[in-house]
Amino acid sequence: MNVALAHPVHRLREKLAAAMRTRGLQVYSVPDIAGVLEAGVQAKLVLAVIHPKLLDQAAVDVREQLRKHGGYPVQIVALTHRVEESSAAIFDRHGATLLPHDPDAIAEVAAWIHGLASRLSTGGRDENTGGHWIPKPGAQIGEPAVLGADGPGPVILVVEDEPSFRS
């Protein structure tokens, strides 16, 4: 599973990259968005983990650029677990997911990235979804959705002209 990791500080980037590699991920450790795009051309990335400052500096949608240059969709993860109102538009523009852990918790972040990469490589995500995902306080990653009339489950729109298929 190929992952690009973009962080402007070499020491911190390599520390996280080493933790990800011990979990069996192929990590392309780069200092900037140009490096992420290059990695996306060289190898089929499952996801790109990018420091928020780099996302802020990127004038174009990184996810769209990866799709354009690499020819396939890539999940973008912002290397942060917090979003401020001023940053929300940045994450929206890139369709970035936030970490459910403090980025300084290297082992937890590496484990979460490995789990996400595993799910993505087995087709666990609709590649056409947009926007960013912010975990609700106290939510556990991987919790099943509560379905049914009494649960706050997801809303699903089924569009089909054949009545038997709709049911």
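Here are some friendly notes on the salt bridges, the cores and a helix pair in this predicted model.

1. **Salt bridges overall.** A search through the whole structure turns up three salt bridges. The next three points go through the pairs.

2. R13 pairs with E14, with 3.8 Å between the closest N and O atoms. E14 also pairs with R21, and there the closest N and O atoms are 3.7 Å apart. Is R13 buried or exposed? R13 counts as buried because its relative accessibility is 7%, under the 20% limit. E14, at 26% relative accessibility, counts as partly exposed, and R21 counts as partly exposed at 37%.

3. **The pair within α4.** E64 forms a salt bridge with R67, and the closest N and O atoms are 3.9 Å apart. Both residues belong to helix α4 (residues 62–70), where they sit three residues apart, about one turn of the helix. An α-helix has 3.6 residues a turn, so residues three or four places apart point the same way. E64 counts as partly exposed at 40% relative accessibility, and R67 counts as partly exposed at 30%. Returning to the other pairs, the salt bridges that share partners join R13, E14 and R21 into one network.

4. **The largest nonpolar core.** Which residues touch the most other members of this core? Among its 23 residues, they are V36, A48, I50, L55, V62, L66 and I76. The elements that each give two or more residues include β1 (2–6), β3 (45–50), α3 (52–57) and α4, and also β4 (75–78), α5 (85–94) and β5 (96–98). Helix α2 (33–42) is on that list too, and α2 gives the most, with four residues.

5. **V36 and the second core.** Setting aside residues up to four places away in sequence, V36 touches A4, A6, V30, L45, A48, I50 and L66. There is also a second, separate core of 22 residues, and M20, V49, W112 and L120 are among its members.

6. **The buried side of α2.** Which residues of α2 are buried? They are I33, G35, V36, L37, A39 and G40.

7. **How α2 meets α4.** Two packed helices are described by the angle between their axes and the distance between the axes. For α2 and α4, the axes come within 8 Å and cross at roughly 35°, and the crossing is right-handed. On the α2 side the contact involves I33, V36, L37, G40 and V41, and on the α4 side V62, Q65, L66, H69 and G70. By class, this contact has six nonpolar, four polar and no charged residues.

8. **A histidine in a loop.** Where does H51 lie? H51 is in the loop between β3 and α3. H51 is buried, because its relative accessible area is 18% and the limit is under 20%. Apart from neighbours within four places in sequence, H51 is in contact with A6, H7, P8 and L79. A6 is a residue that V36 touches as well.

Technical notes
Residues are numbered from 1 along each chain as its sequence is written. This is a predicted model: local features need pLDDT of at least 70, side-chain atom pairs count only at pLDDT 80 or more; totals for chains, interfaces and linings use all residues. Side-chain values use heavy atoms; hydrogens and water are left out. A salt bridge is a side-chain nitrogen of Lys or Arg within 4 Å of a carboxyl oxygen of Asp or Glu. Buried means under 20% relative accessible area, exposed over 50%, partly exposed in between (1.4 Å probe, protein chains only). A nonpolar core is a set of buried Ala, Val, Leu, Ile, Met, Phe, Trp, Tyr and Cys residues joined through side-chain atoms within 4.5 Å. Contact means heavy atoms within 4.5 Å. Axes are lines fitted to C-alpha atoms, for helices over the stretch in contact, and angles run from 0 to 180 degrees between N-to-C directions. A crossing is left-handed if the near helix is turned anticlockwise from the far one by less than a right angle, and right-handed if clockwise. Ala, Val, Leu, Ile, Met, Phe, Trp, Tyr, Cys and Pro count as nonpolar, Asp, Glu, Lys and Arg as charged, and the others, Gly among them, as polar.
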